[in-house]
Amino acid sequence: MKTILVVDDSRIMRNLVKNTFAALKIPANYLEAENGRDAYVLLKSNKVSMVLLDWNMPKMDGMEFLKVVRSMPEYKTLPIVMVTSESAKYNVIEALQNGATDYIIKPVREKVFKEKLLEIKF
């Protein structure tokens, strides 16, 4: 079974993401982190299949996490999807240029989520 790391400082948002996976009948184990620093620790100590990553978080934000993880050869191909309320075109471009696999704008809609997962062949 795949393991998904859900990184968001909002417990409600983390639950929403997990519920969306359940609604799509995608079996998975979940790891949760409230910030990029905690997510990094979980990533290093677990076999993770995908990261769903918020942008705005305390301690280490999503962009910082993305840059650190993408600088490490062992995580070059790990799917990392930004799931954030940052909807400006320049934010999307910045995330993709720094290695995000895809980008989902909150609020998460089940149909969009499913389409993105199919695009990245998850």
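**Overall size.** I began with the radius of gyration, taken over C-alpha atoms, and the globule rule of 2.2 Å times the number of residues to the power 0.38. For 122 residues a compact globule would come near 14 Å, and the protein has 13 Å, which agrees. I also noted the box that its C-alpha atoms fill, roughly 35 × 35 × 25 Å along the principal axes.

**Ground rules.** I reminded myself that this is a predicted model, where local features need pLDDT of at least 70, side-chain atom pairs count only at pLDDT 80 or more, and totals for chains, interfaces and linings use all residues. Residues are numbered from 1 along each chain as its sequence is written, and side-chain values use heavy atoms, with hydrogens and water left out.

**Elements.** I found five helices and five strands, running β-α-β-α-β-α-β-α-β-α from the N terminus. Helices (H or I, at least four residues) and strands (E, at least two) are DSSP runs, numbered from the N terminus.

**The sheet.** In what order do the five strands of the open sheet lie? I read E2-E1-E3-E4-E5, with parallel pairing; strands pair if DSSP finds at least two bridges between them. E2 (28-33) and E5 (102-105) are at the edges with a single partner strand each, so one side of each has no neighbour in the sheet. The twist averages 20° from one strand to the next.

Val-81 has Asp-102 of E5 as its bridge partner.

**Two helices together.** I then turned to H2 (residues 36-45) and H3 (residues 62-70), whose axes come within 9 Å and cross at roughly 30°. Axes are lines fitted to C-alpha atoms, for helices over the stretch in contact, with angles from 0 to 180 degrees between N-to-C directions. H2 and H3 are therefore roughly parallel to each other (angles under 35 degrees count as such). For the contact (heavy atoms within 4.5 Å), H2 supplies Gly-36, Ala-39, Tyr-40 and Leu-43, while H3 supplies Phe-65, Val-68 and Val-69.

Most residues other than glycine have a negative phi, and most peptide bonds are trans. Lys-25, in the loop between H1 (11-23) and E2, has a positive phi of about 60° although it is not a glycine. My last stop was the loop between E5 and H5, where Pro-107 sits; the peptide bond from Lys-106 to Pro-107 is cis, with omega near 0°.

Note on methods: Parallel < 35°, antiparallel > 145°, perpendicular 65-115°, else oblique.
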